[in-house]
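Visitor: I have a model open and would like to talk it through with you. Could you take my questions as they come?

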Amino acid sequence: MYGKGLKPLSIATVAMLAVALSLVFFYAPLDGDQGFIQKIFYVHVPLAIVALIGFILGGVFAIAHLRTNNRKWDAYSYVSIHISVIFGVAVLITGAIWAKASWGHWWVWDEPTLVSFLIVFLLYATYYPFRYAIEDRDRQARYASVFAVTAGAFVPLNFMAVRMAQSLVHPRTFATAEGGMPGEMMLAFLCMLVAIGLLWTTLVKFELTAKSASGQVKRLRRALDAPVGGGSSRIAPEVS
Amino acid sequence: MTPSRAAFAAILAKDLRSELRTLQSLPAMALFSVTTLVIFRFGLDRTSLSGSLAAGVLWATLLFAAVLGINRLFVAEREEGGFDAIRLAPIDRSVLFGAKVAALVIYLAALELVAVPIFAVFFLDGAGGLGPLVAVLLLADLGLAATGTLISSMAVNSRARDLLVPLVLLPLVVPLMIAATGATEPLLALGGPSYHRFGTWLMVLGLYDLIFGLVGYAVFDFLLED
């Protein structure tokens with residue numbers, strides 16, 4: 001059910017990644033002050049943007065789950081948050097590498113975007129212990145949706161608060177995506193953004209397919225193991 | 001009186017009466033906060049604090065003491081069947097959320113009535129900044145209560161209840177802490193209170209209260225479904 005279109009999507013993702021990476025390494029010019037290390041920006045920023053969109057989508061799917069009570073939205077929400085958390089780890093690691101190469105420190109508290117992202121990541125990382133501590137499956141899905149909605153509302157508030165906490169004296173030292181980038185860099189950046197977005201979508205679809213398949217296998221196993229003529233009047237096992 | 005308002009008053013009165021009779025959370029929270037202040041004295045090796053250090057010590061202490069109270073907020077409801085009673089009653093279920101938030105604000109205010117003067121006696125040189133601090137405390141209490149009630153109601157039905165509340169609550173209250181300490185720091189500055197960005201931080205606190213109050217009120221119905 002979920003696996004339809006997974007193969008063409010995967011191929012499109014690999015192709016787009018190949019195109020985008022070659023643009024990054026062979027087409028985009030070297031940055032004036034940071035040199036080659038600046039190229040990590042093409043990985044770090046798209047990962048961050050896609051991860052944040054993924055978190056917000058997790059909240060949107062959660063709202064759909066609460067309103068319709070259809071379990072599939074809960075699965076979408078769970079997987080979106082899962083992949084985004086993994087991307088989040090990658091964002092923090094690439095951010096640390098970039099910080100070390102640019103300023104000599106693995107972590108800096110000066111950059112409000114990185115700090116906000118850390119807090120958001122820590123919050124979504126609590127989604128798993130929270131979810132698995134609730135035993136009843138229906139309640140687990142409902143509470144997880146409430147969490148995802150609350151966390152989604154939290155993200156913009158957090159970014160605003162952290163940005164305000166910065167002393168106004170500190171200049172922004174990162175070259176951001178909006179600020180005066182030459183056309184070639186912008187093209188490479190946009191291609192990487194599309195590629196990472198496709199990667200996220202492929203991974204989400206992959207995980208949904210895997211979960212759906214293993215769920216079906218479990219149901220079949222349970223039906224086969226059920227005592228014959230014991231509780232149920234069905235003869236053939238139930239296949240969903 | 002409309003049924004919702006009557007229910008709100010009834011639940012709030014029940015909570016306060018129960019707390020006054022059993023004195024479960026409040027003395028523990030107050031004692032914990034005073035002991036934590038002593039630990040900070042030795043941990044930082046300082047006998048007097050001002051500015052950002054004072055604000056940080058005060059708010060960290062209040063936050064951790066608040067977590068104690070938040071852990072216990074819905075335990076009585078769960079064990080004595082209060083949730084079932086609310087589900088059966090012909091009222092809007094979000095009334096329980098409102099009543100619990102109000103109760104928690106009152107507990108936090110009681111906690112601060114003890115902890116803040118003791119903090120001032122232990123560490124501060126003058127009490128000048130304490131007056132405007134009341135406004136910060138009030139707004140921060142509202143936000144902490146809204147978020148705390150929401151998390152507590154979810155955690156009470158789980159296995160690792162006492163572990164989940166601090167785990168999930170702390171990242172959520174980071175913006176609240178940023179704003180609270182941002183407002184408190186100039187109030188406790190060495191030379192006397194100043195109001196640098198005081199209005200801005202109060203607005204951020206108010207925004208936090210509004211957002212989490214609304215989110216909590218909106219989703220609470222789903223939490224109570226069986």
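Visitor: How do helix 3 of chain A and helix 6 of chain A lie relative to each other?
Guide: This is a predicted model, and in it helix 3 (residues 71–103) of chain A and helix 6 of chain A pack at an angle of about 50 degrees, with their axes 10 Å apart. Helix 3 of chain A and helix 6 of chain A are therefore classed as oblique to each other.

Visitor: And is that crossing left-handed or right-handed?
Guide: The crossing of helix 3 of chain A and helix 6 of chain A is left-handed. On the side of helix 3 of chain A the contact is made by A:Arg71, A:Asp74, A:Ser77, A:Tyr78 and A:Ile81, while helix 6 of chain A contributes A:Ala141, A:Ala144, A:Ser145 and A:Ala148.

Visitor: What classes of residue are in the contact of helix 3 of chain A with helix 6 of chain A?
Guide: By class, that contact of helix 3 of chain A with helix 6 of chain A has 5 nonpolar, 2 polar and 2 charged residues.

Visitor: Stepping back, how many helices and strands does chain A have?
Guide: Chain A has 7 helices and 0 strands, and buried residues make up 33% of its 240 residues. Of the contacts in chain A with a separation of 6 or more, 78% are accounted for by residues 24 or more positions apart.

Visitor: Now the two chains together: how many residues of chain A are in contact with chain B?
Guide: There are 24 residues of chain A in contact with 24 residues of chain B. On the side of chain A that touches chain B, helix 4 (112–125), helix 5 (127–132) and helix 6 (137–165) of chain A each supply at least two residues.

Visitor: Which helix of chain A gives the most to that side?
Guide: Helix 6 of chain A gives the most, with 14 residues on the side of chain A that touches chain B. The residues of that side of chain A divide into 18 nonpolar, 3 polar and 3 charged.

Visitor: Let's move to chain B. What is its make-up in helices and strands?
Guide: Chain B has 10 helices and 0 strands. The radius of gyration of chain B is 18 Å, close to the 17 Å that the globule rule gives for 226 residues, so chain B is as compact as a globular protein of that length.

Visitor: What box do the C-alpha atoms of chain B fill?
Guide: Taken along the principal axes, the C-alpha atoms of chain B fill a box of roughly 60 × 30 × 30 Å. Buried residues make up 45% of the 226 residues in chain B, and among contacts in chain B with a separation of 6 or more, residues 24 or more positions apart account for 84%.

Visitor: At what angle do helix 3 and helix 8 of chain B pack?
Guide: Helix 3 (residues 51–71) of chain B and helix 8 (residues 161–172) of chain B pack at an angle of about 135 degrees, with their axes 10 Å apart. That angle makes helix 3 of chain B oblique to helix 8 of chain B, and the crossing of helix 3 of chain B and helix 8 of chain B is right-handed.

Visitor: Which residues meet there, between helix 3 and helix 8 of chain B?
Guide: From helix 3 of chain B, B:Val67, B:Ile70 and B:Asn71 meet B:Asp162, B:Val165, B:Pro166 and B:Leu169 in helix 8 of chain B. The residues of the contact of helix 3 of chain B with helix 8 of chain B divide into 5 nonpolar, 1 polar and 1 charged.

Visitor: I've clicked on B:Gly143. Is it buried or exposed?
Guide: B:Gly143 is buried, with 26 other C-beta atoms within 10 Å, and its place is in helix 7 (residues 130–155) of chain B. Leaving aside residues up to four places away in sequence, B:Gly143 touches B:Leu176, B:Leu205, B:Tyr208, B:Asp209 and B:Phe212.

Visitor: Last one: where is B:Ile91 found?
Guide: B:Ile91 is found in the loop between helix 5 (82–88) and helix 6 (94–123) of chain B. B:Ile91 counts as partly exposed because it has 18 C-beta neighbours inside 10 Å.

Visitor: What does B:Ile91 touch?
Guide: Not counting residues up to four places away in sequence, B:Ile91 touches B:Pro3, B:Ser4 and B:Ala7. B:Ile91 and B:Phe198, for their part, are 107 residues apart in sequence and 40 Å apart in space, C-alpha to C-alpha.

Methods: Residues numbered from 1 in each chain as written. Chains lettered and ligands numbered in written order. Predicted model: local features only at pLDDT ≥ 70, side-chain atom pairs only at ≥ 80, totals over all residues. Contact = placed C-beta atoms within 7 Å. Helix = DSSP H or I, 4+ residues; strand = E, 2+ residues; numbered from the N terminus. Nonpolar A, V, L, I, M, F, W, Y, C, P; charged D, E, K, R; others polar. Axes fitted to C-alpha atoms, helices over the stretch in contact; angles between N-to-C directions. Parallel < 35°, antiparallel > 145°, perpendicular 65-115°, else oblique. Left-handed = near helix turned anticlockwise from the far one by under 90°. Rg over C-alpha atoms; globule rule 2.2 N^0.38 Å. Buried ≥ 20, exposed ≤ 12 C-beta atoms within 10 Å, placed from the backbone.
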